[in-house]
Number of protein chains: 2
Amino acid sequence: MATIKEVAQKAGVSVATVSYVLNDVRKVRPETEQRVLLAAKALAYFPNHAARSLAAGRSSIVALIVPDIGNPFFPEITKAFQEAANVSGMESIVMNTNSDPRRTRSVIERLLSLQVPGAAFLTSQVDRAVKDALAKRSIPAVYLDHGGPGGRISNIAVDYRKGMLEAIDHLAQLGHRRIGLIGGPADGAAAQRRKLAFLEGAAAAGMETRVIDSDFSVPGGYFSCAKLLGGFDATAVVAANDLMAIGALHCAYDRQVPVPGALSVIGFDDISFAQFTQPALTTVAVPRVEIGRLAFQSLSSLIGNSHEAGRTYEVGTELVVRQTTAPAR
Amino acid sequence: MATIKEVAQKAGVSVATVSYVLNDVRKVRPETEQRVLLAAKALAYFPNHAARSLAAGRSSIVALIVPDIGNPFFPEITKAFQEAANVSGMESIVMNTNSDPRRTRSVIERLLSLQVPGAAFLTSQVDRAVKDALAKRSIPAVYLDHGGPGGRISNIAVDYRKGMLEAIDHLAQLGHRRIGLIGGPADGAAAQRRKLAFLEGAAAAGMETRVIDSDFSVPGGYFSCAKLLGGFDATAVVAANDLMAIGALHCAYDRQVPVPGALSVIGFDDISFAQFTQPALTTVAVPRVEIGRLAFQSLSSLIGNSHEAGRTYEVGTELVVRQTTAPAR
DNA sequence: ACGGTTCGGTTAATCGTTTCACCAATTTGC
DNA sequence: GCAAATTGGTGAAACGATTAACCGAACCGT
């Protein structure tokens, strides 16, 4: 691997000059600049990331922390995030917490060890300790649905309410009066916001409701739906995510209640598989690629400008009607 | 952030000693070791990754290159890979090529810049230039389904043949005589291997066959299935991956040909959604978490032992029968 | 009791950049 | 035309680890 020194030699300048043109952080004479660039090309030179990080005191690898990359909600966000990072000349590293506190603790060590210039947490619950550790060192961070912005922390606020209200309105227009919610874990912020919006919308429409807290998994959705169908006799259920909606679909199928004939089902997220369920799932879309891109961009702007204060970015959600909703029986 | 120097001071030893105990690469007196460890703990010390990489000439971040993390085949592999890396105290960075040659070229630059100690390519086609670039610098690599092992390169060979033959045997026993294959892209190694096995099995069973090359996507599967149903009148189709199988399922549904009553469908991969299609997809499982884990482990052993030559690791596949297969009409 | 090992530790060079401080040669202002 | 400012460049000190070379003390075997 060619080093900056060799480039300097070949271009007949000092290493400082090479560094200046490569990062273009100081004016250099156009002619000199050309020489340097040519030399770099000729030697197939790439800056040594480690050396650069060491000297600069920070690496150019930003971190993206997700609870579970295996959950279909995250790969697309990840992809968008990484793509945005790459066009900005940064690398990104994704870390899984598995929603495990122990792992979460190790995450912070790894972030510090790597000297990341910033991190995006797309997990629904983040340890207070993690937030503090980053804040104390004033490392920029962005969180998803996590209260207001702080000094160096931005927040991406997803407007779950809008989509949820649209969903309920849709159900109301179809004549549903008894609807159930298969909710997310009681300790997740996003799950709570969805539940609240559900309750609000249903109340406004004068509907009878029942909510079962579940766990965002397919089996969870399956069993919760069973409860809703049994005790409550709902004509429609909305699930706080698509995975649970899929569980509900299967539950309905197994109990031979036709969807959407006897039961309407609405999911949440619009994961890519939602369009391929049978029948295709009506769901509230949350703009995952926008979230991914925004997560990086907001982080990047915090990183790039050390005086910039964190702010809140809003993204919308919207109902996409497919085939699992129909007039109430 | 505490540095090694501060730890040394607090422990009353030299930085070298601290380094030795932390990496335990040289014996030190147990008593001294304790002092160092305590000091490190007290100062909440974590080694600076950049400095370490620079000094050692290689980072501890291994790379995992995938064509598209959005494709449900890859997140689980990724997760397994990362988990394995983490328990070995390594970080991993995943890069998307999007099967785009331009991006692929940038991947190699980034790998070199990061000074990765090794890289795993799980893409079906890798640029010759990439392989050469790594080989020239003798950076360990592992590939998926890519010919024999080389000097510092290992290979994970998935035995697609076994699963495919099982699938065809299954079909044969159900009385199918005219079966179609929805194949992958003609330039992909894995796709070709699957096709060959299909042809072999069908020939052995004396079946009539027809293969349509497609592109591993849901719509691709949809249209290919239409062709198979139209011109060829197959009683069963096997798809080279689950996404296309799902497309086929929808095509059948839209044309009102009942599955599995009038058409049996077999997928390939056993992505997690395969169990949630309606009806649940019969498919050939490829052991993704095993592949992920193995990819890291094989890489790791190459990295850890600089004399070790690359070798081939085999993983099997097997048919999992669900509900999309039934006796021929 | 003495030369050779082993033990447990230190010193200092090194990795490849960034960036501050400085400098000479121009250009500018008046 | 001369001091001051600007331009375009260099030298060298960090950054925080790893690791080769060295060194004194204790421990051998004979």
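Which residue takes a positive phi just after helix 4 of chain B? That's Gly57(B), with a phi of about 85°. Keep in mind that this is a predicted model.

**Helix 4 of chain B**

- Helix 4 of chain B runs over residues 49-56, and its buried residues are His49(B), Ala50(B), Ser53(B) and Leu54(B).
- These four sit on the same side of helix 4 of chain B, because they span an arc of only 130° around the axis.

**Where the two chains touch**

- Chain B puts 36 residues into the contact, and chain A puts in 36 residues.
- On the chain B side, helix 4, helix 5, strand 2 (91-96), helix 6 (101-114) and helix 11 (242-254) each give at least two residues to the part that touches chain A.
- Sorted by class, that side of chain B holds 18 nonpolar, 13 polar and five charged residues.

**Helix 5 against helix 12 in chain B**

- Take helix 5 (residues 74-87) and helix 12 (residues 288-304) of chain B: their axes come within 7 Å and cross at roughly 40°.
- With that angle, helix 5 of chain B counts as oblique to helix 12 of chain B.
- The crossing of helix 5 of chain B past helix 12 of chain B is right-handed.
- From helix 5 of chain B, the contact residues include Ile77(B), Phe81(B) and Ala84(B), while helix 12 of chain B brings residues including Val289(B), Ile291(B) and Phe296(B).
- Charged residues take part too, among them Glu76(B) and Lys79(B) from helix 5 of chain B and Arg288(B) and Arg293(B) from helix 12 of chain B.
- In total, this contact has nine nonpolar, three polar and four charged residues.

**Helix 5 against helix 12 in chain A**

- Over in chain A, the axes of helix 5 (residues 74-87) and helix 12 (residues 288-304) come within 7 Å and cross at roughly 40°.
- Helix 5 of chain A is therefore oblique to helix 12 of chain A.
- Helix 5 of chain A goes past helix 12 of chain A in a right-handed crossing.
- Among the residues that meet here are Ala80(A) and Ala85(A) in helix 5 of chain A, and Gly292(A) and Ala295(A) in helix 12 of chain A.
- The class count for this contact is nine nonpolar, three polar and four charged residues.

- Some background first: most residues other than glycine have a negative phi, and most peptide bonds are trans.
- Ser99(A) isn't a glycine, yet its phi is positive at about 55°.
- You'll find Ser99(A) in the loop between strand 2 (91-96) and helix 6 of chain A, and it is partly exposed, with 16 other C-beta atoms within 10 Å.
- Asp145(B), also not a glycine, has a positive phi of about 55°.
- Asp145(B) lies in the loop between strand 4 (141-144) and strand 5 (153-158) of chain B, and its 17 C-beta neighbours inside 10 Å make it partly exposed.
- Gln278(A) and Pro279(A) are joined by a cis peptide bond with an omega of about -5°, and Pro279(A) belongs to the loop between strand 9 (264-269) and strand 10 (282-285) of chain A.
- In chain B, a cis peptide bond links Val259(B) to Pro260(B), with omega about 5°; Pro260(B) sits in the loop between helix 11 and strand 9 (264-269) of chain B.

Technical notes: Residues numbered from 1 in each chain as written. Chains lettered and ligands numbered in written order. Predicted model: local features only at pLDDT ≥ 70, side-chain atom pairs only at ≥ 80, totals over all residues. Axes fitted to C-alpha atoms, helices over the stretch in contact; angles between N-to-C directions. Parallel < 35°, antiparallel > 145°, perpendicular 65-115°, else oblique. Left-handed = near helix turned anticlockwise from the far one by under 90°. Contact = placed C-beta atoms within 7 Å. Buried ≥ 20, exposed ≤ 12 C-beta atoms within 10 Å, placed from the backbone. Arc of directions from axis to C-beta.
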